[in-house]
Amino acid sequence: MPMFMDRHYVEGATAHTVATAHLADLGVQDRFGVKFLTYWFDEDRSTAFCLAESPDEDTIRRAHNEAHGLVPHEIARVDPAVVDAFLGRVSDPVPTDQGQADDGIDPAFRAIMFTDLKDSTLMTSRLGDSRALHLLHVSNVLTRRALGSFGGREIKHTGDGIMASFRSAADSVACAVSVQRAMADHNRREPEDDLLLRIGLHAGEPIEERGDLFGNAVQLAARLCAAAGPAEVLVSDTIRELCPDPEVAFEDRGTAELKGIPEAVQVFAALWAESQ
């Protein structure tokens with residue numbers, strides 16, 4: 001059966017309320033020929049997201065309505081592999097010894113990071129395929145090492161860079177800074193083989209009005225990456241607001257018109273210095 005993710009606005013709900021609603025869904029699913037797989041709940045934003053296999057969208061609505069009356073505001077058909085890549089699971093978390101899964105109230109809000117290696121095409125013509133491929137591999141290794149250190153999940157390799165997701169906006173910024181420092185360390189050791197990476201960061205919910213999984217977050221993060229200069233990290237105002245750490249400095253770059261984004265975007269640069 002197709003897989004769908006839906007979004008509910010549940011103002012005032014608690015984690016217990018949403019968990020109870022999920023159990024009610026499981027209680028009626030066989031009657032409707034639906035399989036409710038798991039859910040996420042973002043108490044700060046009053047949103048819950050359900051993942052289910054169903055013949056169609058209307059069947060999900062009817063099952064939810066009978067179970068608890070919380071009819072979803074949006075429903076989108078999704079690819080299980082993409083959901084797993086972004087959110088880390090397509091089923092209920094395994095309970096701990098205490099009977100509750102550690103990430104049972106994961107809010108599903110994710111920070112999205114894009115990286116792009118500057119002049120990778122010119123690098124091939126200048127250095128040859130073998131050497132250019134080696135340097136791209138070095139860039140990927142340094143990026144993936146930082147992802148592992150800061151809880152990032154690699155979504156896909158884009159050819160010249162990597163797209164990744166993070167549960168924490170602060171971790172996404174820390175990862176981006178760590179990547180840039182690693183690149184700077186490499187360039188200091190290998191001055192003839194400079195690796196200059198652009199990085200863009202934005203954050204958002206999985207299901208939006210357009211129905212794309214993380215559609216706006218992905219698009220804006222990609223555009224910020226494209227707008228970044230060599231060895232620069234550009235972030236959205238959303239990312240900046242979610243990073244209250246006074247040790248993380250941001251420079252206001254004003255508003256920018258970005259391709260494919262209907263309104264001007266407030267842009268900030270995450271400042272970093274080379275490691276000593």
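Predicted model: local features only at pLDDT ≥ 70, side-chain atom pairs only at ≥ 80, totals over all residues.
**Entry 1: main core.** I looked up the largest nonpolar core, which holds 33 residues. Met113, Val173, Ile199, Leu201, Val235 and Ile239 touch the most other members.

**Entry 2: Ile199.** I picked Ile199 and checked what it touches, leaving out residues up to four places away in sequence. The list includes Met113, Phe114 and Thr115. Ala176, Val179 and Gln180 are on it too.

**Entry 3: second core.** I found a separate core of 24 residues. Leu37, Ile112, Met163 and Phe214 are among them. I kept in mind that nonpolar side chains tend to be buried together in soluble globular proteins.

**Entry 4: helix α1.** I turned to α1, residues 15-32. This helix has 18 residues and reaches 25 Å from its first C-alpha to its last. That is close to the 26 Å expected at 1.5 Å a residue. I also found a kink of about 30 degrees, centred on Leu26.

Which residues of α1 are buried? I noted Val18, Ala21, His22, Asp25, Val28, Gln29 and Phe32. These buried residues pack against β2 (35-42), β3 (47-53) and α2 (57-67). Last, I checked what follows α1: Gly33, with a positive phi near 70 degrees.

How values were computed: Residues numbered from 1 in each chain as written. Heavy atoms only, no water. Core = buried A, V, L, I, M, F, W, Y, C linked by side-chain atoms within 4.5 Å. Buried < 20%, exposed > 50% of the residue type's maximum accessible area, 1.4 Å probe, protein only. Contact = heavy atoms within 4.5 Å. Helix = DSSP H or I, 4+ residues; strand = E, 2+ residues; numbered from the N terminus. Expected span 1.5 Å × (residues − 1). Bend = angle between axes of the 7 residues up to and from the residue.
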